[in-house]
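I opened my notebook to look at how the chains here touch each other. Here is what I looked up, entry by entry.

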Amino acid sequence: MFTQQKVYHPYVGPFDPCPPVRIKTYQTPPQLYLGFQPPGLPQFPPREALRRGTLWPALFSPYEGRRRDSAP
Amino acid sequence: MNTSVPRDYYQLLEELQTIDFVLVELNLYLDTHPEDVHALQQYRAWSERRREVKARFESRFGPLQPDGAGGPGLTWDWNRSPWPWQV
Amino acid sequence: MWVYEKKLQYPVRVSRCNPRLAKYLIEQYGGADGELAAALRYLNQRYTIPDRIVGLLTDIGTEELAHLEMIATMVYKLTKDATPDQLREAGLGEHFADHGPALFYHNAAGVPFTATFIQAKGDPITDLYEDIAAEEKARATYQWLIDLSDDPDLNDSLRFLREREVVHSQRFREAVEILKEEQQRKKIF
């Protein structure tokens, strides 16, 4: 299933002083995939478009933020 | 003036922000898709709506632009509070 | 010329007085990848880009000025009526010593805005690649700001601004395709 958040598993050294984060994430938003936007793509209703920051679901990129007590 | 704006100020403002946002999105899209007739028609229809809502907002809450005072008032309303960052 | 309209592009609400967040948000006001840098970068590049792209640079540059006003509004609301003590505790003591309650164009670490933050090479592809990179850097900054913020209302506006970087990046990528003149676009409009 496609997701805009990718994960990787960094090497964990035996002498890392901070508690190791075994799964790291990064964002791959839709503009990396869409290419030249084709005409006639579905649109959000106006009020929802404003709330989401784009008129087109194909360009919508959710970002919830991470827990503030966990490392990036 | 230190009186708060009425509640429907925010409703009407958001209605205008909504229409303007659709226009901004279509505007940028048309900049790279100038031949998309459907998007162009959509843009024109929303511009029409915008004129209505902007006039309604200005007659109720004062000018959005210096020349938008609209009403029959005798005072210069443009520099009256609140400014966008104050509401 | 430009015409000012007395409203924000998107509503900005702040849940509580929090000068610490304002200190971080200033990054997007006067920082290298902030909204001022973005507006000045695009509006300056448009004089030497092929005519087909001038409209896009003008319109995105103008939208960045609206975003600058949104960031200013956030900083204004987060620091409004804060005492010098509160500002000092939030790490804004140095800022207060120089600027009092005023906003200023510097980044989160206090480095003043400088034209060296932006570039114009006069080579259209080079400039558009700079613009795409700028949008991605601004998007990343908004991600870090959302991570740092515990203010749900503020995060709503920050998510809006992050999404705008995505859309701008998309349009700049399309501008590159237009200049390449190799579009596989089907003329079905």
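I started with chain A and chain B: 8 residues of chain A are in contact with 9 residues of chain B. Contact here is C-beta atoms, placed from the backbone, within 7 Å. The chain A side of it has 5 nonpolar, 2 polar and 1 charged residues. For the classes, I noted that Ala, Val, Leu, Ile, Met, Phe, Trp, Tyr, Cys and Pro are nonpolar, Asp, Glu, Lys and Arg are charged, and the others, Gly among them, are polar.

I reminded myself that this is a predicted model, with local features needing pLDDT of at least 70, side-chain atom pairs counting only at pLDDT 80 or more, and totals for chains, interfaces and linings using all residues. Residues are numbered from 1 along each chain as its sequence is written, while chains are lettered from A and ligands numbered from 1 in the order in which they are written.

Next I checked chain A against chain C: 20 residues of chain A and 22 residues of chain C take part in the contact. On the chain A side I found 10 nonpolar, 7 polar and 3 charged residues.

Then I looked at chain A itself. I found 1 helix and 2 strands, in the order β-β-α from the N terminus. Helices are DSSP runs of H or I with at least four residues, and strands are runs of E with at least two. The C-alpha trace of chain A spans about 55 × 25 × 20 Å along its principal axes.

Last, I asked how much of chain A is buried. The answer is 15% of its 72 residues, where buried means 20 or more other C-beta atoms, placed from the backbone, within 10 Å of the residue's own.

Notes: Two residues are in contact if their C-beta atoms, placed from the backbone, lie within 7 Å. A residue is buried if 20 or more other C-beta atoms lie within 10 Å of its own, exposed if 12 or fewer, and partly exposed in between; C-beta atoms are placed from the backbone.
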